[in-house]
Amino acid sequence: MIFSKTISGYQVYLKENKAIYENIFNDYLNDCLKIIQVFKNTKESQVFLIASSGGGEINKKYIVKIFSPQSKKKERFVKSFFKGDYYLNLLKETQRIRGDGFVGVNDFYLLAEKKVFNYSNIFIMILEYIEGECISNIILNDEIKTKIKAKVEELHRHNMVMGDIQTSNFILSHGEIRIIDCSGKYPNAYRKAEDRFNLWNRLGIAPTTTDFYCFLVSYEKFLKQQIRLLKRKILYKINPLHLAK
């Protein structure tokens with residue numbers, strides 16, 4: 001069950017009506033988060049590892065993620081009238097599959113948005129911190145690849161997708177693979193095929209089966225690559241010095 005309330009002008013959605021998550025959010029509002037490590041800090045996106053300071057769980061680690069889109073704001077505003085709330089859907093879907101018994105994805109505790117109609121220009125998220133080693137820092141042997149493949153296939157069976165798969169999306173924790181940063185988009189057959197393609201293309205993990213959608217994804221990627229090359233050739237003919245910069 002997702003709880004909803006308004007805090008300091010933000011629409012806040014919580015996995016559980018626990019004080020700990022509100023305390024962390026209030027620490028963010030008051031600029032007093034206990035930051036342990038900064039993973040990312042740009043104008044558009046900040047990701048912090050923090051320690052809780054109250055709510056009965058002193059110094060428990062969490063991930064706080066702040067996303068404030070800087071581009072295509074008008075386009076995002078228009079789309080917000082027709083599309084659902086991406087991050088709210090991700091919160092709901094995360095709780096659904098975890099409730100079904102699949103705990104391979106990191107938990108999602110709180111989402112805060114400052115909305116105008118259905119449009120928000122800032123998203124604050126409190127997520128589970130997973131102790132372990134990112135697979136980008138280790139050698140991907142056959143055993144680890146098999147575990148990654150099995151975990152993604154299980155995710156698909158629970159009707160959820162990862163989206164833009166990177167090595168940074170997988171944590172090896174206590175001998176098991178955990179997934180972070182899943183997608184809140186509708187998990188259709190094309191997006192599942194895209195996950196399988198990216199596993200193969202980026203991690204060298206071949207799919208168990210291929211179907212029409214795998215072919216479609218592969219052809220689309222190839223076509224986009226050819227279009228990019230063609231654009232570069234045209235640009236070079238127009239201004240050879242431009243590509244040399």
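Helix 4 gives the lining of the largest cavity its largest share, four residues. (Helices here are DSSP runs of H or I with at least four residues, strands are E runs of at least two, and both are numbered from the N terminus.) This is a predicted model, so to speak of local features takes a pLDDT of at least 70, side-chain atom pairs count only at pLDDT 80 or more, and totals for chains, interfaces and linings use all residues. Residues are numbered from 1 along each chain as its sequence is written, and side-chain values use heavy atoms, leaving out hydrogens and water.

**The cavity**

- Searching the whole structure turns up one cavity of 30 Å³ or more, and the largest cavity has a volume of about 60 Å³.
- A cavity, on a 1 Å grid over the protein atoms alone, is a set of points where a 1.4 Å probe fits but cannot get out, and lining residues have an atom within 4 Å of a point.
- Grid points are joined across faces, edges and corners, and the volume is the space filled by probe spheres set on the points.
- Lining the largest cavity are Lys149, Val152, Glu153, His156, Arg196, Leu199, Ile205, Pro207 and Thr208.
- Helix 4 and helix 5 are the elements that give two or more residues to this lining.
- By class, the lining residues split into four nonpolar, two polar and three charged.
- For these classes, Ala, Val, Leu, Ile, Met, Phe, Trp, Tyr, Cys and Pro count as nonpolar, Asp, Glu, Lys and Arg as charged, and the others, Gly among them, as polar.

**Helix 4 against helix 5**

- Helix 4 (residues 142-157) and helix 5 (residues 189-203) pack at about 170°, with their axes 11 Å apart.
- Axes are lines fitted to C-alpha atoms, for helices over the stretch in contact, and angles run from 0 to 180 degrees between N-to-C directions.
- The two helices are therefore roughly antiparallel to each other, a label for angles over 145 degrees.
- On the helix 4 side, Lys145, Ile148, Val152 and His156 meet Lys192, Asp195, Arg196, Leu199 and Leu203 of helix 5.
- That contact of helix 4 with helix 5 has four nonpolar, one polar and four charged residues.
- Glu194 also lies in helix 5, and it touches Val217 and Lys221, not counting residues up to four places away in sequence; contact means heavy atoms within 4.5 Å.
- Glu194 and Cys214 are 20 residues apart in sequence, with 7.0 Å between their C-alpha atoms.

- Two bridges pair strand 8 with strand 9 (residues 170-173) in the antiparallel sense, and Glu133 stands opposite Leu172 in strand 9.

- Strand 3 and strand 4 (residues 45-51) run antiparallel and are joined by six bridges; Lys34 has Ala51 in strand 4 as its bridge partner.

Note on methods
Parallel < 35°, antiparallel > 145°, perpendicular 65-115°, else oblique. 1 Å grid on protein atoms, 1.4 Å probe; cavity = no way out; pocket = protein on both sides within 12 Å on 5 of 7 lines; lining within 4 Å. Pairing = 2+ DSSP bridges.
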